[in-house]
Amino acid sequence: MKITIGKAPDNDLVADEAQVSRHHACLYRTDDGAYMLEDLQSTNGTFVNGVQIVRKRVTQADRICLGDAYETSLEAILKAGNDYSEEFARLKPVYDEYIREKIRIQSSNQFKTRLFQALPFAIPGIIGVLIGFAGKGSPTWFAVSLLITVCAPVIGIYFGARQSAKIPEQLQALTNQFKIDYVCPKCGTFLGEIPWESLKNKKHCPVPTCRARWSED
């Protein structure tokens, strides 16, 4: 990546200022991921935090001046070069958290649904064993056991169905928030459920009017 700055129209960042040379300076990224600003033998010099430089590593906190009048920043230079790699990198935890939460919702609700549906079928057997163990053979106890045998599965199926019905609602709420958060940092286009690593390999936003750079070419 190399972003040129100057007065000439073929620069990535065109600075129409009297003290700015036609090709004044350039910004590039080093192998360790840092940003380096280099003066291109300009007439009026390049300054970082008031100190004239030939080549210097810069950060978002630095104040960059071309000559005496034109002031800019690392962020502004990167945006001129359509570089949104830092913002795009912040989408990785968004995608990872979405997948984790989606799996949690599905597995948790499926477990509860099966528990609600299966447990009532075991209750009558447990009651029968307890009644037999206690030696209670009265018609009243038999009627209670029969009532539980009939009603427990019905109640279990009802609550199981209610629990199962929560899954689409919870997933929809999760998806709605994901559609807000998982978007191109420049144009705001939703990136779908495509894994972050796959998008990084594409390197650019696919929207023709955007083409924001997501990673190094």
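Strand 5 (residues 46–48) and strand 6 run antiparallel and are joined by three bridges in this predicted model. Within that pairing, Phe47 has Gln52 of strand 6 as its bridge partner. The two strands belong to an open sheet of four strands, arranged in the order 6-5-8-9 with antiparallel pairing. At its edges lie strand 6 (51–53) and strand 9 (70–72), each of which pairs on one side only. On average, and with direction ignored, neighbouring strands of the sheet are turned by 35° against each other.

The structure contains nine salt bridges. One of them joins the side chains of Glu38 and Arg55, with an N to O distance of 3.4 Å. This pair connects distant parts of the chain, since Glu38 belongs to strand 4 (residues 35–39) and Arg55 to strand 7 (residues 55–58), 17 residues apart. Arg55 has a relative accessibility of 49% and therefore counts as partly exposed, because the exposed class begins only over 50%.

A further salt bridge is formed by the side chains of Arg29 and Asp83, at 3.6 Å from N to O. Here too the pair links distant parts of the chain: Arg29 lies in strand 3 (residues 25–29), whereas Asp83 lies in the loop between helix 1 (74–80) and helix 2 (85–89), and the two are 54 residues apart. The relative accessibility of Asp83 is 2%, so this residue counts as buried, the cut-off for that class being under 20%.

Asp83 also takes part in a salt bridge with Arg213, in which the side chains meet at 4.0 Å, N to O. Because Asp83 sits in the loop between helix 1 and helix 2 while Arg213 sits in the segment after helix 5 (196–202), this contact ties together parts of the chain that are 130 residues apart in sequence. Arg213 is buried, as is Asp83.

Taken together, these contacts place Arg29, Asp83 and Arg213 in a network of salt bridges. Asp83 meets Arg29 at 3.6 Å and Arg213 at 4.0 Å.

Notes:
Residues are numbered from 1 along each chain as its sequence is written. This is a predicted model: local features need pLDDT of at least 70, side-chain atom pairs count only at pLDDT 80 or more; totals for chains, interfaces and linings use all residues. Side-chain values use heavy atoms; hydrogens and water are left out. Buried means under 20% relative accessible area, exposed over 50%, partly exposed in between (1.4 Å probe, protein chains only). Two strands pair if DSSP finds at least two bridges between them. Axes are lines fitted to C-alpha atoms, for helices over the stretch in contact, and angles run from 0 to 180 degrees between N-to-C directions.
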